Amino acid sequence: ALDIFERMQSESLLPDAITVVCILRACGSRGAIERGKQIHGCWGFHEEDIVFGNALVDMYAKCGVLAKAELVFKELPIQSILSWNALIAGYVQQGQGYEALNCFERMQSEGVDLDTITFVCVLKACSSTRSIDKGRQIHDEIVRRGLLAKENMVIGVALVDMYAKCGVLEKAQEVFDVLPLRDVITWNALMSGYARHEYGKEALKCFSHMQLEGVAPDVSTLVCGLKACATIGDIDKGREIHIEISRRGCLE
């Protein structure tokens with residue numbers, strides 16, 4: 001996208017609002033903060049241009065320049081769900097879980113409705129800060145809205161991961177068991193929780209059940225399996241996983 005933008009400029013074509021928003025997204029995904037700053041400076045920021053403002057918040061947040069993201073955010077005449085989510089996600093991505101939770105509190109106090117992205121980001125913040133009480137509150141709200149019943153796998157994975165990382169493994173298993181669909185990411189979230197807290201037998205049970213359900217393990221699954229084998233000294237299972245790793249050429 002950035003290369004095409006360069007070609008566009010070399011042909012003396014002026015960008016319009018859609019071009020600028022697309023390029024800001026490209027800058028955010030590539031971490032191209034200097035180019036993003038250039039776009040911001042050249043295009044300017046008009047308070048009434050909410051789409052451009054949201055794109056700026058998202059770009060600065062994804063590039064880790066959170067003070068600038070906050071500054072642009074505060075200048076927006078209307079702080080929509082998109083701008084709130086961009087800011088919260090930025091804090092989560094930069095490992096600033098408590099700031100993400102503070103942002104979430106501000107969002108709620110202003111009466112902004114939550115969407116799937118909000119829930120997933122806040123659950124990740126709870127995972128990183130081990131804020132289990134807040135995580136339980138979010139879970140209750142998710143259940144109240146019936147979001148798990150709607151086969152929302154992204155929220156389901158985030159919930160399993162949050163409980164697993166906080167060490168509440170019974171709850172992680174409980175959420176996992178009621179999910180209508182379980183892919184490799186969901187299995188990995190539960191299995192890694194067991195392995196992290198040295199429940200090796202339970203982790204290996206997950207590994208076996210996952211394969212019985214026809215879900216193919218990925219590299220993360222194999223790493224969790226090795227950790228579980230090390231925890232309980234299961235050399236035979238460890239050798240099996242080693243063979244699978246070699247077969248896939250992972251060591252290369």
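Reader: What share of the 252 residues of the protein counts as buried?

Author: Start with the idea of burial: a residue is buried when its relative accessible area is under 20%, exposed when it is over 50%, and partly exposed in between, using a 1.4 Å probe and protein chains only. Here, 46% of the 252 residues count as buried. Please keep in mind that this is a predicted model, where local features need pLDDT of at least 70, side-chain atom pairs count only at pLDDT 80 or more, and totals for chains, interfaces and linings use all residues. Residues are numbered from 1 along each chain as its sequence is written, and side-chain values use heavy atoms, with hydrogens and water left out.

Reader: And how many helices and strands does the secondary structure come to?

Author: Helices (H or I, at least four residues) and strands (E, at least two) are DSSP runs, numbered from the N terminus. This protein has 15 helices and 0 strands. Its C-alpha trace spans about 65 × 45 × 30 Å along the principal axes.

Reader: How much accessible surface does the protein have, and what part belongs to carbon and sulfur atoms?

Author: Accessible areas come from the Shrake-Rupley method with a 1.4 Å probe, and for residues only the protein chains shown count as cover. The total for this protein is about 13400 Å², with 53% of it belonging to carbon and sulfur atoms.

Reader: Let's go inside. Which residues touch the most other members of the largest nonpolar core?

Author: In soluble globular proteins, nonpolar side chains tend to be buried together. A nonpolar core is a set of buried Ala, Val, Leu, Ile, Met, Phe, Trp, Tyr and Cys residues joined through side-chain atoms within 4.5 Å. The largest one here holds 80 residues, and I88, I142 and L159 touch the most other members.

Reader: What is L159 in contact with, beyond its neighbours within four places in sequence?

Author: Contact means heavy atoms within 4.5 Å. With those neighbours set aside, the partners of L159 are L123, H139, I142, L148 and V175. For the protein as a whole, take the contacts between residues at least 6 apart in sequence: 58% of them join residues at least 24 apart.

Reader: Is M107 buried or exposed?

Author: M107 counts as buried because its relative accessibility is 0%. This residue lies in helix 7, which covers residues 97-109. Not counting residues up to four places away in sequence, M107 touches I81, W84, N85, I88, V112, D113, L114 and T118.

Reader: How many positive and negative side chains does the protein have?

Author: Lys and Arg count as positive and Asp and Glu as negative, while His and the chain ends are not counted. The place of a charge is taken as NZ of Lys, CZ of Arg, CG of Asp or CD of Glu. There are 27 positive and 34 negative side chains, and the centres of the two sets lie 3 Å apart. K37 is partly exposed, at 40% relative accessibility, and touches M59 and Y60, not counting residues up to four places away in sequence.

Reader: Now the loops. Where is S12 found?

Author: S12 is in the loop between helix 1 (2-10) and helix 2 (17-30). Its phi is near 60°, a positive value in a residue other than glycine. S12 is exposed, with a relative accessible area of 63%. E198 also has a positive phi, about 65°, although it is not a glycine. This residue is found in the loop between helix 12 (184-196) and helix 13 (200-212), and E198 is exposed at 60% relative accessible area.

Reader: And which residues is C63 in contact with?

Author: Leaving aside neighbours within four places in sequence, C63 is in contact with C27, G28, G31, A32, I33 and Q94. C63 is found in the loop between helix 4 (50-62) and helix 5 (66-75).
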